[in-house]
Structure formats: C-alpha cells, structure tokens
Number of protein chains: 2
Amino acid sequence: MKPLEGLRILDLTRIVSGPTCCFYLAAMGAEVIRVEGPEGDITWRVPPFVGPDGAHPGPRGPKDIALSPLRRGRGKRNVVIDLKSDEGRAVFEQLVAKSDALVENFRPGVMKQLGLDYEVLEAINPRLVYCSITGYGHDGPYRDRPSMDLVVQAVSGIMSKTGFPDGPPTKVGVTVGDQVPGIFAALGLVSALRQRDVEGRGQLVDVAMLDALIALMWDEPIDHYEDVGLPERAGNGDPRGSPIGTYPTSDGWIALVTVGEAVWQRMGELIGRPDLLERADDAVRRAELSREIDAAVADWTRTRTSDEVVAALTEIGMAAGHVRPAGHARSDPQVQHRGALERLRHPESDEPSKYWGPALPIRMSRADLRPAPAETLGQSTDAILRDVLDLGDEEIDRLRKLGAVGTR
Amino acid sequence: MKPLEGLRILDLTRIVSGPTCCFYLAAMGAEVIRVEGPEGDITWRVPPFVGPDGAHPGPRGPKDIALSPLRRGRGKRNVVIDLKSDEGRAVFEQLVAKSDALVENFRPGVMKQLGLDYEVLEAINPRLVYCSITGYGHDGPYRDRPSMDLVVQAVSGIMSKTGFPDGPPTKVGVTVGDQVPGIFAALGLVSALRQRDVEGRGQLVDVAMLDALIALMWDEPIDHYEDVGLPERAGNGDPRGSPIGTYPTSDGWIALVTVGEAVWQRMGELIGRPDLLERADDAVRRAELSREIDAAVADWTRTRTSDEVVAALTEIGMAAGHVRPAGHARSDPQVQHRGALERLRHPESDEPSKYWGPALPIRMSRADLRPAPAETLGQSTDAILRDVLDLGDEEIDRLRKLGAVGTR
C-alpha cells in the first residue's frame with residue numbers, strides 16, 4: 001500500500017506550484033486526475049518534447065509530451081475537459097462529487113468566473129477539500145496582483161538577504177517562490193483530509209506564495225539581526241561565526257561550516273596554524289578574527305584539490321563539501337545511491353529518455369514512492385469517464401463531438 | 001477542531017529542520033511533546049532571551065526563553081528527560097508506547113547508540129511513525145558526513161545556480177537546506193499516519209536535506225539548459241525572456257516578469273517605446289533583444305519612484321513588486337492583513353515581546369491554525385508524566401531526584 005492510496009484528487013493547476021504539489025501527492029499514491037483544457041497548460045508547448053521514440057525539439061503529434069508535463073505529470077492520469085462549456089462543466093461537477101480533494105492555482109476570482117468556486121463545489125460535495133495556491137492569498141490589498149516567483153521573492157525580502165554585502169539583492173536560483181508554497185499546500189491538503197475523515201466535512205485550504213516565503217525568511221530573527229547591526233546579506237559566510245563559507249581550491253570551490261570548538265581545534269592543527277587557536281579560543285573571538293582566519297583557511301585550501309580538502313575536513317568532523325556545478329547531481333554517488341534523480345520515461349517506451357527529474361524527496365520503509373510515467377494530453381479521458389463516472393461509449397462520443405471532453 | 005487534533009508526536013529535534021517541521025504539526029493541532037535533555041538544545045543558549053518581563057541580552061533564570069525556542073517551540077509542550085539515563089530512557093519508552101509519531105534529526109546512528117532506533121521503538125509501538133531528517137539519508141557513501149545548510153546547498157548545485165554569471169556561486173540567503181526538508185518531513189509524516197490509520201502499522205520516514213534540495217533544483221530541466229547552452233546562473237533575469245529581472249528606480253529597485261504578449265504590448269506603450277514592439281514581436285525576439293529592452297525599461301524606471309513604477313505596471317497586468325529590504329515585511333500591508341507574521345509572546349506574559357515570528361503559511365476555512373506560545377524548558381514535565389503516563393507525585397519526585405527527568 002502507498003500512504004495516500006484510495007484518495008482521488010483533481011489537479012486543475014498550471015505552470016509550477018500546483019503541478020509540483022500534485023506530483024508529491026501522486027507519488028505518495030493518491031489517484032491524481034489532471035484536468036486540462038483542450039490545448040493543455042502552456043507548458044505543453046515549451047520545447048523540448050519526448051515521444052515514444054525519444055527526444056526532439058518540436059512536437060510531431062499527440063503522443064509527444066513536453067519536458068515540463070513529462071516531469072511534473074508523473075504519477076497522474078490526464079483528462080481533457082473544456083470547463084468553459086456547459087457540458088464540460090457538468091462532467092467536471094460529476095467528478096467533484098466523486099473526489100476527495102481539488103487543487104487549483106488560478107488567480108483569486110477565476111474559479112468563480114467559471115462557476116466552480118469553493119462555495120459551488122462544497123454544495124456538490126461537502127466532504128471536498130479545496131486547495132488554492134495564489135500569489136498573495138484570497139484577501140488583502142495585493143489579492144488581485146499578478147505574481148511570479150521572482151516578484152514574490154523580491155516583495156518577501158528574500159532577495160535582499162541573498163548575495164554579497166557589496167552587491168545587489170539577488171534572486172534565489174531555484175523557484176522557491178513556486179515550489180515551497182506547493183509543498184505547504186500538499187501538507188495542508190493531506191492534513192485537512194485527516195480533519196475531514198474525523199469530522200466528515202472538507203474545507204478551503206488557502207496557501208499564498210508570499211506567506212510561504214515570509215515563513216522561510218522569518219525562521220531567522222531578522223528583527224534581532226537589525227538590532228545588533230548585522231548586514232542584510234552576508235554572501236556565503238555568516239558574521240556570527242568563523243570559519244564558515246566558501247573557499248577556493250586548486251580546482252574549484254569548497255564550502256565548510258565549523259560546528260563546535262573541538263572541530264575548530266582540529267582545524268587549526270590541520271592547516272598548520274596552532275597560533276590562531278590560542279588567539280581565537282571561542283566562537284565570539286573567532287567571529288572577531290574572521291578575516292584573518294578566512295585568509296589562513298584559503299591559503300591552505302588553495303594549494304589542494306577539492307577532493308583532498310573535503311576528505312581531510314570530513315576526517316576531522318567538519319561539515320564540508322564541494323561547491324558542485326548545477327548539472328553535477330546526475331553523477332554524484334550519493335544522489336545515485338539514493339535515487340534522488342531518475343530518468344524520465346515516455347509512457348509508451350520501455351527506455352528512459354535522456355532527461356532527468358527529481359524523485360519525491362521522502363523515503364518510507366513500507367511504501368514504494370516511485371511514480372509511474374506521465375501521460376499524454378487526454379490519455380485517460382475515456383477511461384476516467386467510463387470508470388469513475390460510469391458513462392457509456394455513446395455518451396463519451398457525444399461529449400467529444402460537442403468539444404466538452406477531448407482525447408489524444 | 002484542528003486538522004491534526006488527537007495525534008501525539010514526540011519531538012526529539014534540534015536546531016532548524018526538525019523544530020520547524022514539528023512547529024507546522026503543532027500549529028495544525030497535533031499534541032507535540034518536545035523532549036529535551038537537562039540543558040536543552042544548544043539554541044536555548046543563544047541570545048537574546050525573553051522573560052515574562054520582556055527581552056534582555058542574557059538569561060537570568062529558568063523562565064527565560066531564547067529567541068529560537070520562543071519561535072520554533074510555539075504550540076509545543078516541553079519536557080526534560082535524560083535519555084542517557086536508564087530511568088529516563090524507560091520513561092521515554094512509555095511515552096513512545098502512547099504516541100502516534102516521533103521526529104528526530106540526529107545523524108544516522110545516534111538514536112541506535114541511545115538504544116532508541118526505529119527497530120527498538122517499533123517493537124514497543126508497531127503503530128509508531130518514525131520520521132528522521134538527516135543531511136544525506138540513512139544509506140549511501142555520504143551517510144555519516146556532518147551536514148549543514150550551506151554545505152548541502154553547495155553539494156546540491158543550488159549555489160552554482162544562484163548569483164550572477166560574472167560572479168561566484170552564491171548561498172541562498174534563507175536556510176532552504178534546513179527548512180525545505182522540514183516541510184517534506186511534515187508532509188511524509190502526516191501521509192504515513194494516514195497509511196497507519198488504514199493498515200494499522202507505522203513505518204520509518206527518511207528525509208534527507210540533499211534529496212530535498214535536489215528536488216528544488218531539478219524541477220527545472222538543468223540537463224536541457226546545458227544542451228542549449230544557457231548559463232548556470234543568470235543573476236536576477238532569465239535568458240529565455242525579456243523584460244524580466246530587477247530594475248533601478250529613483251528610490252530603490254523593483255522586480256518584474258513579463259507574462260504573455262499582451263502585457264508586453266502595453267508595456268512598450270507605457271514606457272514610450274512603440275518602436276521596440278515592432279522589432280520584438282514575440283518571446284524569442286524579445287529574448288534576442290533583451291539588452292536593448294532592459295536598457296529601455298531601466299531608462300523609464302530610473303526616473304520614477306518604486307511606488308509609481310509598481311502601480312503603473314500592476315495597472316497594465318504586469319507581475320511587478322518592490323525589492324523589499326529584509327526587515328520590511330513587518331510593515332507590509334499584505335503581510336499585516338494576512339497575519340503572516342506575529343509578535344512572539346512569553347507564555348507567562350499577556351503582552352507580546354518585541355520579536356516577530358512567521359505564522360504557519362497555510363490558512364483553512366474551518367480551523368484556526370494560530371499556535372499557543374512556546375513553553376519554558378521542562379515546563380510540562382510534571383503534567384505530561386502525570387496526564388499521559390499516569391505517574392504519581394512520588395514517582396515523579398523520585399525520577400527528578402535521579403536526574404532522569406527535569407523541570408524548571
């Protein structure tokens with residue numbers, strides 16, 4: 001069994017935050033039905049594409065899947081329903097009646113325009129958990145503003161905390177503004193389903209990108225840092241300790257963090273600077289002497305390879321590692337051992353494609369959380385209408401001819 | 001009711017990842033019992049402190065709470081048990097027998113040294129969900145390496161994706177290496193509890209910091225970006241589109257993202273450059289002309305205040321916002337409206353302290369997810385031993401005299 005087996009979740013999401021949220025739920029065994037319009041989410045049109053015969057730069061037919069849905073669609077069934085048509089909306093409402101949860105990441109108001117906001121769907125299925133991911137939430141002065149990862153990073157203050165003191169505010173190079181609210185949304189949804197199981201009623205789960213980034217930011221006491229005069233951003237180091245940061249080696253960079261006095265004592269001996277140990281004999285003094293300590297550490301690292309430095313530091317109990325290039329992980333022995341990345345596979349091919357995607361970063365001892373490959377656009381339209389809604393072939397044909405549902 | 005009401009979770013965690021994970025669970029209504037040694041986690045000794053009478057730089061008595069436990073301890077009961085003593089371990093095992101889940105973030109092997117690894121606890125309580133957060137996971141070549149946020153950021157490749165093309169790999173200024181695995185751990189734990197409710201058995205949930213950051217990284221196709229020659233890091237912009245990035249104003253910086261052709265058409269008119277609209281009439285051409293477009297946008301933004309620029313861009317449907325200082329959020333009208341930050345309060349004071357902490361970034365329509373204040377070290381030792389384990393006053397006194405349990 002998988003943890004979320006037996007739960008049916010409708011995925012009306014687009015782009016990043018919602019599709020990743022529903023990917024986590026699918027990997028944990030929920031029956032996720034991705035509902036898309038006839039053209040599919042915009043990400044279906046961004047190259048490259050993968051077909052049954054491998055990767056190519058442009059789409060050639062209905063069996064081609066763009067890289068984003070190939071990755072974020074893993075574990076999901078794919079159904080095409082035109083929610084702007086009356087017949088399509090009626091089909092969708094029947095699915096809502098037979099589902100446990102729904103996730104959408106439209107701007108506030110869009111679901112209401114479609115006649116499918118929480119109040120409407122709650123009347124159809126009071127047990128439904130309705131999860132919405134938006135930029136700023138369903139209320140407040142910024143409610144109707146368009147939002148994107150970069151903008152919410154800027155407004156949250158995260159950019160002002162990233163980068164070097166003598167450089168500009170800097171974007172976090174991964175889409176934390178999308179993905180982190182996606183994880184919180186999955187957590188809120190599964191938790192609200194537990195409340196539903198106990199109480200018998202669903203509810204609206206409202207996750208905002210800005211709220212999620214504020215939570216990331218303010219886990220540290222930004223207000224106290226202001227009081228004691230710490231800089232907004234401190235590059236790769238931390239003014240509260242030393243040595244900590246990135247240091248050049250003969251073939252790259254390494255990162256290290258000194259945790260505790262004993263490790264620092266061994267470090268001073270390792271780099272041949274016992275004199276520093278006498279003068280910097282506690283964390284406060286080390287912070288005061290950080291420029292001198294950093295220079296001494298760099299003198300030692302610069303004449304050695306990253307492999308040598310990381311091995312020697314790990315040996316003395318220091319937290320240390322290579323600063324790896326962005327694409328390195330595919331060949332990292334720990335990533336390989338854990339299966340943290342997997343080759344993405346087209347559903348009609350036994351061979352994996354050339355592209356990689358992340359596994360769900362949760363392992364469980366009694367559940368296999370590796371998802372099935374993504375489906376093509378509308379691959380399961382007929383199967384879901386037949387199996388979940390008990391519609392006959394004639395009715396499905398009728399709906400297809402009306403354009404209310406679609407298949408490849 | 002709250003979503004996780006009725007679940008008892010033992011929190012054996014330290015520093016960031018585990019304490020934040022258990023804070024989310026506590027905010028959603030789980031009975032989280034934080035179990036600490038007689039001295040408390042190291043974070044209890046980091047200034048500043050908050051007592052019943054307000055903030056001060058050093059601790060003055062057992063009622064003082066350092067800022068980290070004041071923030072990450074919200075919603076939790078606090079119990080002191082010496083797990084290194086036989087009597088303390090016996091008390092802990094009785095708690096395990098009466099709990100639903102446990103979270104720890106020791107290095108692999110530490111719980112086994114204490115005689116409290118999953119195999120031992122599973123024998124005591126087969127329904128227990130045991131959640132472990134580690135740097136690299138419970139297996140693989142890096143298993144025993146010490147890990148810290150900065151180091152895992154480096155090894156995952158995230159630093160190489162953050163910063164400017166002509167600058168060095170850059171640390172993400174918030175502790176994504178700790179907090180993101182903490183969110184995934186909470187998601188895994190709640191999901192495994194659902195499987196437990198269905199199947200009747202708990203399991204081991206194994207979340208690694210490296211796996212979590214690999215998931216953040218590889219939600220984008222890093223391998224495809226290599227194929228088409230995109231730079232590892234792109235500063236605050238994105239070479240696949242334009243205009244996108246941060247731009248100077250007369251009093252700071254703003255961030256903007258162009259989503260769709262219609263917004264760009266309105267933007268060209270707004271900044272008085274209809275000539276650019278003719279030459280850059282689709283996304284590909286805009287990317288090619290990005291330097292010229294960026295210069296034109298900056299010419300326009302530079303002569304206006306950030307307020308003026310964001311208002312004008314929001315008006316035409318552009319995703320835009322101020323690049324806010326790190327400490328800004330406290331006074332942001334949207335953050336205030338949503339209650340995304342709250343003043344931290346000492347449990348024995350009715351007045352909030354001067355320090356702020358983040359709310360759980362999940363809102364639910366039928367549950368109030370605002371947590372109670374944190375407790376002092378060992379504040380609930382007696383209450384938990386009495387109420388959960390049915391121990392009498394004499395037995396509690398005996399355990400206290402042995403040093404097996406502690407109270408303030």
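Predicted model: local features only at pLDDT ≥ 70, side-chain atom pairs only at ≥ 80, totals over all residues.
User: What makes helix 7 of chain A roughly perpendicular to helix 8 of chain A?
Analyst: Helix 7 (residues 176–199) and helix 8 (residues 209–217) of chain A pack at an angle of about 95°, with their axes 8 Å apart. Angles under 35 degrees count as roughly parallel, over 145 as roughly antiparallel, 65 to 115 as roughly perpendicular and the rest as oblique. The angle of about 95° therefore makes helix 7 of chain A roughly perpendicular to helix 8 of chain A. Axes here are lines fitted to C-alpha atoms, for helices over the stretch in contact, and angles run from 0 to 180 degrees between N-to-C directions. Helices (H or I, at least four residues) and strands (E, at least two) are DSSP runs, numbered from the N terminus.

User: Which residues make that contact, and of what class are they?
Analyst: Helix 7 of chain A contributes V176(A), G177(A), V180(A), P181(A) and F184(A), and helix 8 of chain A contributes M209(A), A212(A), L213(A) and L216(A); contact requires C-beta atoms, placed from the backbone, within 7 Å. By class there are eight nonpolar, one polar and no charged residues. Ala, Val, Leu, Ile, Met, Phe, Trp, Tyr, Cys and Pro count as nonpolar, Asp, Glu, Lys and Arg as charged, and the others, Gly among them, as polar.

User: How many residues of chain B are in contact with chain A?
Analyst: 117 residues of chain B are in contact with 117 residues of chain A. On the chain B side, helix 7 (residues 176–199) of chain B provides the largest share, 15 residues. That side has 68 nonpolar, 31 polar and 18 charged residues.

User: Why are strand 9 of chain A and strand 15 of chain B said to pair?
Analyst: Strands pair if DSSP finds at least two bridges between them. Two bridges join strand 9 (residues 204–208) of chain A to strand 15 (residues 363–364) of chain B, and these strands run antiparallel. D206(A) stands opposite R363(B).

User: Why are the buried residues of helix 14 of chain B placed on the same side?
Analyst: The buried residues of helix 14 (residues 306–315) of chain B are S306(B), V309(B), V310(B) and L313(B). They cover an arc of only 95° around the axis, which puts them on the same side of the helix; the arc is that of the directions from the helix axis to the C-beta atoms. On the other side, A311(B) and E315(B) are exposed.

User: What makes E394(A) exposed?
Analyst: E394(A), in helix 17 (residues 393–402) of chain A, has 8 C-beta neighbours inside 10 Å and so counts as exposed.

Note on methods. Residues numbered from 1 in each chain as written. Chains lettered and ligands numbered in written order. Contact = placed C-beta atoms within 7 Å. Buried ≥ 20, exposed ≤ 12 C-beta atoms within 10 Å, placed from the backbone.
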